[in-house]
Amino acid sequence: MADDEALVDSEQTAELLSKEQVAELDDDEFYAAYKAGKIPRRTDHWTEDNFEEEMEKHPFFMTKEPSPEEFATNPHLAALQEMFAELTPVERVEHHKSHGNEAYKKAQEYKSKNKKMFETHLKEAIHCYTEGLKEICGDEKIEALLLSNRAMCQILLRNNRSALTDCKLCIRYSPSNVKAHYRAALACHNMTRFTECIEWCDLALVLDTCNSEVSALRQKAVKDKAAKDKAERAAAVKARRKQREQDRVSEAINERGIRIAPASAIKSSGSNSGIDSIHDYYDDDDWSDSADNQKHGNNRRLPNDVYSLLPSQTSGAKLEEGTLHWPVLLVYPEHAQTDFIQEFEETCLFQDHLEVMFPDVPEQTVPWDSNNTYKWPRLSVYFEQVLETGERTHNLVPVSVSSRLCDVLQDRRYCVFGQVPTFTVIEKSSQFSREFLQKYTILDSTP
């Protein structure tokens with residue numbers, strides 16, 4: 001403690017040396033002068049409170065890239081910039097290449113450990129190689145090397161198109177660069193462009209006939225190309241078979257005189273037969289299968305896009321042994337529910353399906369029929385009339401449950417929208433039925 005007090009006193013009384021005088025002192029003289037208080041003490045030294053902030057200002061310890069303002073105000077950065085400016089263009093390119101290689105090596109260390117750090121260091125390497133390419137050094141060999149290295153980083157980041165572009169530029173500068181040819185082939189393989197991959201491999205093998213990496217990649221590309229070609233041929237055969245089946249279905253539909261709405265009509269209407277006009281009768285947008293919504297009311301509404309209720313694999317009618325099998329949607333507006341019949345054979349009666357779905361038994365057969373009134377003898381089926389011009393109407397046509405599906409579809413008042421016939425089903429004696437039917441003009445039933 002006494003030594004510290006003496007040191008402070010000596011600092012106050014001793015004459016301070018100038019910078020030039022301090023520069024001429026040897027180690028022993030400097031220590032003696034420092035102890036005697038002749039050398040001025042720094043007032044901007046680091047403390048426990050500011051050392052982290054001060055370290056962030058030093059280029060060796062910075063954790064983020066400095067801003068242009070920091071380059072202008074930070075003396076350490078300014079000094080580095082001056083030193084870097086004194087380098088030749090080739091030296092600056094070598095500097096960027098060296099830092100890029102270091103970042104690439106760090107990325108390899110994290111390859112199997114930390115994906116985020118792996119990609120971060122690869123992006124840093126790409127940045128360094130790009131900065132090197134911005135320098136106009138006139139050395140095509142170095143530029144080719146930067147492009148080849150950047151291409152490898154792009155491949156590891158799955159940026160295969162960018163990698164292929166870099167490889168092509170590299171080969172323009174260095175036509176005998178085997179690595180660039182190999183990496184171009186690798187990028188093409190990653191993009192399943194196997195023919196190009198094989199071509200690049202062949203060019204590389206001309207330059208280096210014993211390159212095992214190129215040979216292995218070529219063999220893999222040949223094998224993968226064969227598998228891809230086989231899959232494409234199978235897909236083409238399947239597509240042709242499907243098209244022939246669709247043509248046979250279309251021909252059968254035309255022979256029966258069934259009206260099919262064009263795609264433009266479906267887009268403009270937004271829903272199937274009998275659905276859109278029903279919206280005029282309901283106010284609530286709610287549509288749910290939850291228990292809270294099983295109780296019906298006259299404010300229930302059907303969805304604007306009825307096709308959202310259909311299974312995704314629905315593909316229209318099928319023709320089996322000369323008989324059409326249709327996917328059919330039954331809509332129950334009273335309860336805001338639907339049933340989808342995947343295959344309704346055209347020769348079957350509506351009654352055939354309704355008897356199975358709503359058997360005439362005392363027990364409740366469907367969970368949403370809380371009043372237990374939906375029994376097939378008590379149900380009525382309707383569809384909405386569509387004019388020959390395709391114009392929608394506010395007219396409902398009753399369908400006899402003893403009718404065959406083909407007879408109903410051949411009625412000129414019916415039109416199939418979206419390849420899925422749709423029918424409205426209500427319970428005959430309900431209050432809902434009476435109010436519902438009052439909103440429409442009821443036409444003669446189907447034959």
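Val-361 sits in the loop between α15 (350-357) and β4 (379-386). Helices (H or I, at least four residues) and strands (E, at least two) are DSSP runs, numbered from the N terminus. The model is predicted: local features need pLDDT of at least 70, side-chain atom pairs count only at pLDDT 80 or more, and totals for chains, interfaces and linings use all residues. Residues are numbered from 1 along each chain as its sequence is written, and side-chain values use heavy atoms, with hydrogens and water left out.

Buried means under 20% relative accessible area, exposed means over 50%, and partly exposed lies in between (1.4 Å probe, protein chains only). Look next at Asn-372. It is 11 residues from Val-361 along the chain, and the two C-alpha atoms are separated by 9.7 Å.

Now take in the whole chain. It has 17 helices and seven strands. Of its 447 residues, 38% count as buried. Its accessible surface comes to about 26300 Å², and 51% of that belongs to carbon and sulfur atoms. Such areas come from the Shrake-Rupley method with a 1.4 Å probe; for residues, only the protein chains shown count as cover. Contacts tell another part of the story. A contact means heavy atoms within 4.5 Å. Take the contacts between residues at least 6 apart in sequence: 59% of them join residues at least 24 apart.

Glu-427 has contacts to follow. It is found in strand β6 (residues 422-427). With a relative accessible area of 3%, Glu-427 is buried. Which residues does Glu-427 contact, leaving aside its neighbours within four places in sequence? They are Glu-334, Thr-373, Tyr-374, Arg-378, Leu-379 and Ser-433. Pick out Arg-378. Glu-427 and Arg-378 are 49 residues apart in sequence, yet 5.8 Å apart in space, C-alpha to C-alpha.

Next come the helices. Two packed helices are described by the angle between their axes and the distance between the axes. Axes are lines fitted to C-alpha atoms, for helices over the stretch in contact, and angles run from 0 to 180 degrees between N-to-C directions.

Start with helix α10 (residues 160-173) and α11 (178-190). They pack at an angle of about 155°, with their axes 9 Å apart. α10 and α11 are therefore roughly antiparallel. Angles under 35 degrees count as roughly parallel, over 145 as roughly antiparallel, 65 to 115 as roughly perpendicular and the rest as oblique. The crossing of α10 and α11 is left-handed. A crossing is left-handed if the near helix is turned anticlockwise from the far one by less than a right angle, and right-handed if clockwise. On the α10 side, the contact includes Leu-164 and Ile-171; on the α11 side, it includes Ala-184 and Ala-187. The residues of this contact divide into nine nonpolar, three polar and one charged. Ala, Val, Leu, Ile, Met, Phe, Trp, Tyr, Cys and Pro count as nonpolar, Asp, Glu, Lys and Arg as charged, and the others, Gly among them, as polar.

Follow the chain past α11. The loop between α11 and α12 holds Thr-192. Its phi is near 60°, a positive value in a residue other than glycine. Thr-192 counts as partly exposed, at 39% relative accessibility.

Then comes helix α12 (residues 194-207), which packs against helix α13 (residues 212-256) at an angle of about 155°, with the axes 9 Å apart. α12 and α13 are therefore roughly antiparallel. α12 passes α13 in a left-handed crossing. Among the residues in contact are Phe-194 and Ile-198 of α12, and Leu-217 and Arg-218 of α13. The contact comprises 10 nonpolar, two polar and five charged residues.

How do α11 and α13 lie, parallel or antiparallel? Their angle is about 25°, with axes 11 Å apart, and α11 and α13 are therefore roughly parallel. α11 passes α13 in a left-handed crossing. Tyr-182, Ala-185, Leu-186 and His-189 of α11 meet residues of α13 including Val-214 and Leu-217.

End at Glu-321, in the loop between β1 (318-320) and β2 (323-332). Glu-321 is not a glycine, but has a positive phi of about 55°. Glu-321 is exposed, with a relative accessible area of 84%.
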